[in-house]
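User: I am new to this structure and would like to learn how to read it. Could you guide me through its features in turn?

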Amino acid sequence: MNKVWIPVTFVAFTLSACVTINIYFPAAAAEKAADKIIDEVWQTQKADKPVEPAAKEQK
Amino acid sequence: MNTNGMSFYKNLVKFFVALFVLTAALNTFAVDLEVNTPGVNAIKQSMQTRHAQLAAYYASGAVGLTADGMIALRDAGTVPLAQRQAVNALVSAENNDRNTLYAEIANANGHPEWQAEIRSTFAQRWVQHAQPGWWVQGNGGWKQK
């Protein structure tokens with residue numbers, strides 16, 4: 001019955017890992033978001049963006 | 001007791017598989033940062049307008065991009081005396097906006113503590129997007145891109 005502690009440990013470890021994943025900083029997503037904002041602020045990618053001077057759309 | 005043990009392990013394997021799938025799904029769907037808020041859009045707009053004035057100073061080397069995601073007056077000597085105050089005002093307004101932008105993105109995503117990481121991500125990306133000839137701050141000081 002001693003063996004029961006092995007899976008219990010695994011489960012505890014895995015659950016804690018899941019929680020960790022969710023509070024991790026999403027570096028790739030942040031880069032993507034930064035690129036998008038920088039392109040708009042610096043107008044470095046005019047092709048796919050029709051410049052919204054007064055567009056304050058929500059959501 | 002032994003059979004109970006076996007089925008326990010089988011269930012455990014099922015549990016792990018389910019957990020893995022769930023985690024993968026969560027990572028797929030929750031991977032985008034929210035940047036489309038009224039606050040972020042307003043700052044973006046303000047920075048975009050200001051950039052029309054700042055671009056010339058980036059190009060002349062008067063203003064450079066710092067390693068911490070800000071901008072700084074690098075070489076005041078290239079700015080005519082009459083314009084210096086205006087440039088300083090532009091730089092400080094831009095830095096205000098940038099600080100607000102980083103905080104706003106962190107808050108919009110429910111993680112105010114991400115602000116420093118967002119700032120350092122932006123710092124790298126600003127430099128990456130900088131045009132050739134602009135000055136950027138690296139580990140060893142200013143260098144021209």
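**Reading the model, feature by feature**

Analyst: Let us begin with a single residue. B:I105 touches B:L33, B:V35, B:V40 and B:I118, leaving aside residues up to four places away in sequence. Please bear in mind that this is a predicted model.

User: Which residues have the most contacts inside the largest nonpolar core?

Analyst: They are B:V63, B:I105 and B:I118, in a core of 30 residues. At least two residues of this core come from each of α2 of chain A and α2, β1, α3 and α4 of chain B.

User: How should I read a helix, and what is the span of α3 of chain B?

Analyst: An α-helix has 3.6 residues a turn, so residues three or four places apart point the same way. In this structure, α3 of chain B covers residues 81–108, which is 28 residues. From first C-alpha to last, α3 of chain B reaches 41 Å, close to the 40 Å expected at 1.5 Å a residue.

User: Which residues of α3(B) are buried, and against what do they pack?

Analyst: The buried residues include B:V87, B:V91, B:L101 and B:I105, and also the charged residues B:E94, B:R98 and B:E104. The buried residues of α3(B) pack against α2, β1 (63–65), β2 (71–73) and α4 of chain B. Just after α3(B), B:G110 has a positive phi of about 70°.

User: Which residue other than glycine has a positive phi?

Analyst: One such residue is A:Q43, with phi near 55°. A:Q43 lies in the segment that follows α2 (27–42) of chain A.

User: Why does A:Q43 count as partly exposed?

Analyst: A:Q43 counts as partly exposed because it has 14 C-beta neighbours inside 10 Å, while a residue needs 20 or more to be buried and 12 or fewer to be exposed.

User: How many residues does each chain bring to the contact between A and B?

Analyst: The size of an interface is often given as the accessible area lost when the parts come together. Here the account is by residues: chain B gives 23 residues and chain A gives 23 residues. On the side of chain B that touches chain A, α1 (2–29), α2 (38–60) and α4 (115–129) of chain B each give two or more residues. The most come from α4(B), with 7 residues. By class, this side of chain B has 11 nonpolar, 8 polar and 4 charged residues.

User: What are the confidence scores of the model and of chain B?

Analyst: Where pLDDT is low, the predicted coordinates should not be read in detail. Chain B averages a pLDDT of 91, and 93% of the residues score at least 70. The model as a whole has an ipTM of 0.81 and a pTM of 0.72.

Definitions and conventions:
Residues numbered from 1 in each chain as written. Chains lettered and ligands numbered in written order. Predicted model: local features only at pLDDT ≥ 70, side-chain atom pairs only at ≥ 80, totals over all residues. Contact = placed C-beta atoms within 7 Å. Helix = DSSP H or I, 4+ residues; strand = E, 2+ residues; numbered from the N terminus. pLDDT = per-residue confidence, 0-100. Expected span 1.5 Å × (residues − 1). Core = buried A, V, L, I, M, F, W, Y, C linked by C-beta atoms within 7 Å.
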